[in-house]
Amino acid sequence: MDKRKIILSPDFWISLSAPAGSGKTYWLSRRFMEIIKEEKISPLKILAITFTEKAAGEMKMRILNMAKNEYPEIYEEYEEEFMMLRISTIHSFCNSFLRRFGNEIGIPLGFEILSSTDAKLYFEEKINEFIISEIFRKEREYEWILGASAFFKWTRFMDVFKNFYDKRPLTDRMFYKLKNINDIISRIPSEFAEMKEVIERVKKELNGETIPDYRTLIQKPEEIYKILKLKEKFKQRISDRTLQVEFFKVLYDLFFFHLTFIFSIFFKEILDYYVKMKAFEAKVDFSDMEFFAYQILNEGKIEEIENVLEAFDERTNHILIDEFQDTNFLQWAIIEKLTEEWRSGWGAKFEKGEKTSVFIVGDPMQSIYMFRNANVRTFKKAEKEIGLWMGKRARIESLKDNYRSLSSIIDFVNKIFQKDRTLDYVPFVKRRDNQDTGFVEIIIEESKEVENEVRAVARKIKSLIGREIVYEKKTEKKKKCDYGDIAILLRKRTNLNIYEKIFKEEKIPYCIVGGIGFWSEPEVELLANFFEFLAEPSYTKGLYLALKSPLFGLKEEEILDFRIRGRRLWDGIDDKIKEEIDSLKKEMLNRGISNSFTDYLISKGFFKYLGSDIQRVKNVLKFLKIIYYLEKKGKTIFEIAFELRRLENVESEPRANIFSEGMNAVRILTIHRAKGLEFPIVFVPELDSIKTRRQDVFAYDEDEKGYMFKIYPSGKKEVEFKFYKEYIERLKQEEKRILYVALTRARDGLVISGKFDFKKASSPSKNAFQYVLYNAGVVKQGETYKTEEVFENIRIIKSDEIEDRATAEQEEQSKKQRIEFEREIYIPEKIVYKSVKDYYAIIFGEVVHTIFDAVSKNLIKEDKIYQFAENLLLIKKIDKQMRADFIKEIKNQIKVLKQKSIWDKVVLPKENSFSEIEFIYKEKGVLCKVRIDRLILRQNSAELYDYKISLKEQDEKTKEKIVRESIAQMQNYIKAVKEYFRVDNVNSFLIFTKDGEMVSV
């Protein structure tokens, strides 16, 4: 059987290593369809998992299109099932377990999933609480920690702890077995046996002079200090030079073991506190979802877990996992548990003769998340286990085909990485149907100035514009290069401001994809400070910035005059300005905070002031959205101002995302963010910044059995530590994989650059740029460079040799594109309420919507509804009496819905039904998004329902008005359902939950 048939056959469990550009998702999608064809099973019997929502959406569309176009008979037979494909992220999959069983392992029903920003802030808040309540109260007990924190930096400690938290349960296995220092010794007996042997040899060499044994040294580090103080004396007494080096290495090693033990106990205490607080406050982050799903499946705490596994087994015959290089040990452990019965050779499927399989596909060379949870060794572990489990039914396959890049890029990448014997690199074979070679250029910056290199990059970009050097992806038709064909991939965003400055000077249109530093952007800083002034009038800085900004446009001397008139700036300003600000504050109290603030900015022409700078416009819209969501959570203007002040400390908060597809602008993004993407021309500048930095470091290692770390100040150059060296080597391998990801994003052209002066020979271990130069055999001859290797169409030039070839026509076109590449402004959804009662009505509506959604998805049973509601209201900080009133009203409304049979007909779980389903569809060329409360598919029709939830009775006149206002909205819903589910007959209804009335619209 040839490789293609093996990969697609449901008879085999497959581990497929597929390099960049080989079409990983294509093979997964094709296998998906071939399984349905061969096994004659429903698409819903197949579970596909990937690692981002975007990738899940793209996979779903790919399978749908493949089914429609290449398997029309299968699509016609299973059309409804194809609309409900089980394609999800690993986090969504784990979340479903947690929603159902979380309460039974101590996670309250209705828990809140923290966003990445909220999780970071919450983490810092709870750790600060721990420091105040424990460390400073027990200063003597934590004396070692406080002293070491000054040496290692406290922020570094927190980074390490967060990593430990994300690595559960591996770190749990480490921390919870440590009772004393002997537990560390017992974990690595061979290492301590070697230490003991060295110390015994030194004792003999010293002719009777006593030194403590190794156990005393590790438990009493002060004894180590005594010896180190007399270091020169001991060196003179130990004649064997090798033994002398080994002895002092042992001393340092023992000291670091002691330090590691102290920190392990300390981190365990923090972990216990943090876990307890999160459970108490019903908070869950993304790493929790995996961990709790693992607990539910593996630790025997749930009595009915066998029923869950049986239900999963009944629904699922095959699992397909994309981008497997991004998987960690914990995620793989979840898959192992789910497939336990399949591997056992017994059970319902075995008796029925049904086939089962697991298919994993990925590229180990693209595993670049070492410090996060993904681990490249998971791929090897999974390959090994699939082989052990399935024997002849297991296949470990690899692909070499590259359908992405032209031959010069493939030739360059192959020759760079093939020379490295430390990598398990499989060379590419070009499969793209295009005979052009493409091009590779290496730009060498001989100075140490980043700005010189960036200016060279800018000149190079301008020289490419208008040249016929790129191809349309599907047709391979040659076309002129435009700004939108170019991407710049950065290792880090450190010098992002230099790129922005120079690109603006050179009039190069650009957009930054996922740039950080949101809170330090001028427009965001202005609005945050002004908002804080609105909440707290004594905050003069906020008023000053607003007066000086385009909101008021006052000159410095005018503001100074105001300050001279009164004790505070506010006291001295003109009555007209006072009235305007007072009016805004009243509007915010009466009509809604985000609504009034947004309208105020529009009335002041603030968006016109931002003009064509789409990044600034999007930043302001993101700021308004943050206020909107904080208000939606029930926060007052004062609480929002306080929250903004906290958020301003999140330096890593990304700028507003600019949707860059189709934009005629150079895209600037990090290499990590570029994973999975491709671009006609790729620039990878500052390659010399891709390097392994040796610093005071916490060194890690992990496997499926557990987790280890040690602390090594790297200043001790005289000794080498095996664990530390292995850790540094893993970091170096990670940096090589980062380089690989960057170079393999290019389709038609690749330009790399870096700083190197060639006064010394290039070293492959120094940084990524020297690694490339060394493996490419780049040498300098006089003022020029050449390669000792023979490459297809490669050019090596100095940065100052690049000419700016942009024509006047190109300059004008560039200016025009900068203005036009996106102008549409989206104003956030408005919140409008006129009283406290209206505010509580919004909270009530949200809670009831959440309850209905959870019931429809079978996430909670009916006997848990009111406990679930109680938890939701607690999270929203509703007081005890109001909670009781809300629960009473929820009971009444559910009772009415049951009496009118609406509860059974609409809300309860059903086959072929959806709750809170979101659609994106096109209307006159514009992408529109809608969310439908409830959708039920019948045999030849569909019914959609919109819940109208109210605390108070609504008369007939009010209901008629609501129905009239809902017509346009429901028409949009109907269009979306018709387009997505291909049904002609769609009926829509409003359900007034207060009195259980259902009205056709």
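The following dialogue examines selected features of a predicted model.

Student: Is K691 buried, partly exposed or exposed?
Tutor: K691 is found in the loop that runs between β17 (679-684) and β18 (697-703). Its relative accessible area is 33%. Because buried means under 20% and exposed means over 50%, K691 is partly exposed.

Student: How many disulfides does the count come to?
Tutor: A disulfide requires a pair of cysteine sulfur atoms within 2.5 Å. By this rule, the count comes to 0 disulfides.

Student: Are C94 and C481 buried or exposed?
Tutor: C94 has a relative accessibility of 0%, and C481 has a relative accessible area of 2%. The limit for a buried residue is under 20%. Therefore C94 counts as buried, and C481 is likewise buried.

Student: What is the phi of K40?
Tutor: Most residues other than glycine have a negative phi. K40 lies in the loop between α2 (24-39) and β2 (46-50), and its relative accessibility of 66% makes it exposed. Although K40 is not a glycine, its phi is positive, at about 55°.

Student: Where is N912, and what is its phi?
Tutor: N912 is placed in the loop between α42 (902-907) and β24 (913-923). With 24% relative accessibility, N912 counts as partly exposed. N912 is a residue other than glycine with a positive phi, near 55°.

Student: How many salt bridges does the structure hold?
Tutor: The criterion is a side-chain nitrogen of Lys or Arg within 4 Å of a carboxyl oxygen of Asp or Glu. Under this criterion, the number of salt bridges in the structure is 49.

Student: What separates K381 and E385 along their helix, and how far apart are their closest N and O atoms?
Tutor: K381 and E385 both belong to helix α22 (residues 377-390). Because they are 4 residues apart in that helix, about one helical turn separates them. Both K381 and E385 are buried. They form a salt bridge, in which the closest N and O atoms are apart by 2.7 Å.

Student: Which parts of the chain does the pair of E735 and R491 link?
Tutor: E735 and R491 form a salt bridge, their closest N and O atoms being 3.3 Å apart. The pair links distant parts of the chain, 244 residues apart: E735 in helix α36 (residues 722-743), and R491 in the loop between β14 (486-490) and α25 (496-505).

Student: Are E735 and R491 buried or exposed?
Tutor: The relative accessibility of E735 is 13%, so E735 counts as buried. R491 has a value of 19%, so R491 also counts as buried.

Student: How far apart in space are T850 and A869?
Tutor: T850 is found in helix α39 (residues 836-856) and is partly exposed, at 32% relative accessibility. T850 and A869 are 19 residues apart in sequence, and their C-alpha to C-alpha distance is 8.8 Å.

Student: How far apart in space are F552 and K604?
Tutor: F552 lies in the loop between α27 (540-548) and α28 (556-565). At 15% relative accessibility, F552 counts as buried. F552 and K604 are 52 residues apart in sequence, and their separation in space, C-alpha to C-alpha, is 8.4 Å.

Technical notes: Residues numbered from 1 in each chain as written. Predicted model: local features only at pLDDT ≥ 70, side-chain atom pairs only at ≥ 80, totals over all residues. Heavy atoms only, no water. Helix = DSSP H or I, 4+ residues; strand = E, 2+ residues; numbered from the N terminus. Buried < 20%, exposed > 50% of the residue type's maximum accessible area, 1.4 Å probe, protein only.
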